[in-house]
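Please have a look at the chains first, and then follow the points below.

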Amino acid sequence: MNHDPFQWGRPSNETYGAYNHQIANAGVPDNTTHASLDAFPKMHTQQPIITGTSVIASKFNNGIIMAADNVGSYGSLLRFSNIERLIKVGSETVVGLSGDVSDMQQIERILDELETSEEVYDNDGGDYLRAANVHEYLSRVMYNRRSKMNPLWNSIIVGGFYRDRTPFLKYVDLVGVTYSSSTIATGFGSHLAIPLLRNLIPEDKDYVKVDEQQITKVVEDSMRVLFYRDARSGDKYSQVIIKLDEEGKVVFEFTKEVKVENQSWRFAKDIRGYGSSQQ
Amino acid sequence: MTSIGTGYDLSNSVFSPDGRNFQVEYAMKAVENGGTSIGIKCKDGVVLAVEKIINSKLLVPGKNKRIQTVDRHIGVVYSGLLPDGRHFVNRARDEAQSFKSIYKNSISVPHLMDRLGIYVQNYTCYNSVRPFGIVSIVGGIDDNGPHLYMIEPSGSCWGYSGAATGKGRQLAKSELEKLNYEELEIKEAVKLAAKIIHLAHEDNKDKDYELEISWVSKEFTKGRHEFVPDDLLEEAKKFAEEDDDEEEEEEEEGDEMQE
């Protein structure tokens, strides 16, 4: 092993031949000095490391529903199976995050600070944090970071209520793009879950015709389909339902460790390259 | 007062020959005229209460809160110059926030008090500033249970079981000394706080007051610092005024007897 500070830990050239710096595009050349290291452009996040897969969410007649599984993947390795990706912010807002888990944790802290300054410090009972405020704040954070060429590597869905108590659902991602829709999903979910959700809610305005039971069923189906076909997903997920009760008060239901039930893997044997390799 | 005319009271950071800092002592005078604040530490939480003197009928009832929250689990109440108190709370919030941004954990109450003690003490060391015109009572719950502290303009900061400051402090202190802090439960403490503030108000009877009570408890507020709910506040007020009626009746009876 080479013990020169600039070469530390590299296989020695005598034994293995010179290292080809082309391999790593940000490699440190042999003639490196401290000065030339300083001159090297600063590097920022260029890919996520530990990742969470899809978040799916939808409005229904008197609230919103959101679900995300508990897997943290390291590339294709199922590294963690206990990652909570739905965060409650304030009293009636949920934030669901997919993408890099460490960036998600950073966003969790940012949101905690926001909650402290807007809710905890306010003791005169002023207006409180709503989903729209949280979403706008996050979109500024995300856009600001992408403008510094140092994005937080996440796709985020924010769900809750508008001031007039109509359901709120909006998306923001690592480049600062935002949009709202009655059904939103990130990652693989936007390919696999959105068609199922849109079967129930074909157009944005149609969410008013759908009740909690119907949408819960479709979310359950979507999570199953995602577990079947998304190799980075898990069979355990968290689900949040925020709705209004008969008196118009907000009810926040956070259900953890929901299992993907009624699985059937019979289809697998008919698909080449899926599951068993006996073919 | 011995300090007047000697010149030793004109500046911070200057001792008198007998070792006193008069500016700090004057700051205490500012506190002694403020509405009474108290804090009670019981076995399962902390209660803060303040006698909020109503200076004008035009003030909106129930607004202009005096008790403030520093972090989810810590509350502050103070007597003295209110703007100084606001500044003190802002600093406390900054300290709590900066601790969290470094260690990703909530600050413990003793650690926060350490930092605030240092901050307040700094205002006694330079002649370009004046000391804080407040005595503040800080209470909260952390991993080591409930804590209650009181900070004075000198920067000295002690832990207490029961603390009182402001105009009615003497009376409040003598009442607080009667309590058994090992056995006291927080719901009882809320009522007692109301009673003590009520008694302490005797000194200041010409002015109306509004009662503000907050608490931190594992059981009732999940370790958060919050104002007590309205029904409990009403119950406490009723409890505080109970004996009053009896006394008044007795007095009336006495009057009748004389007649």
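1. Buried means under 20% relative accessible area, with exposed over 50% and partly exposed in between (1.4 Å probe, protein chains only). Strands (E, at least two residues) and helices (H or I, at least four) are DSSP runs numbered from the N terminus.

2. A word on what you are viewing: this is a predicted model, in which local features need pLDDT of at least 70 and side-chain atom pairs count only at pLDDT 80 or more, while totals for chains, interfaces and linings use all residues. Residues are numbered from 1 along each chain as its sequence is written, chains are lettered from A and ligands numbered from 1 in the order in which they are written, and side-chain values use heavy atoms, leaving out hydrogens and water.

3. Which strands pair with E9(A)? One is strand E8 (residues 154-161) of chain A, antiparallel to E9(A) over seven bridges; two strands pair if DSSP finds at least two bridges between them. Here A:Tyr171 of E9(A) has A:Ile157 opposite. Five residues lie between the strands of this hairpin, and A:Arg165 has a positive phi near 70°.

4. Strand E10 (residues 178-180) of chain A also runs antiparallel to E9(A), joined by three bridges. A:Ser180 in E10(A) is opposite A:Lys170. This hairpin has four residues between its strands, with A:Gly176 at a positive phi near 90°.

5. Now turn to chain B, where five strands form an open antiparallel sheet in the order E3-E4-E5-E6-E7. Strand E3 (68-71) and strand E7 (157-159) are its edges, each pairing on one side only. On average, neighbouring strands are turned by 25° against each other, direction ignored; axes are lines fitted to C-alpha atoms, for helices over the stretch in contact, and angles run from 0 to 180 degrees between N-to-C directions.

6. B:Cys157 in E7(B) is opposite B:Ile151.

7. Finally, look at helix H4 (residues 169-176) of chain B, where B:Arg169, B:Ala172, B:Glu175 and B:Leu176 are buried. Seen down the axis of H4(B), the buried residues fall within an arc of 125°, so they line one face of the helix; the arc is that of the directions from the helix axis to the C-beta atoms.
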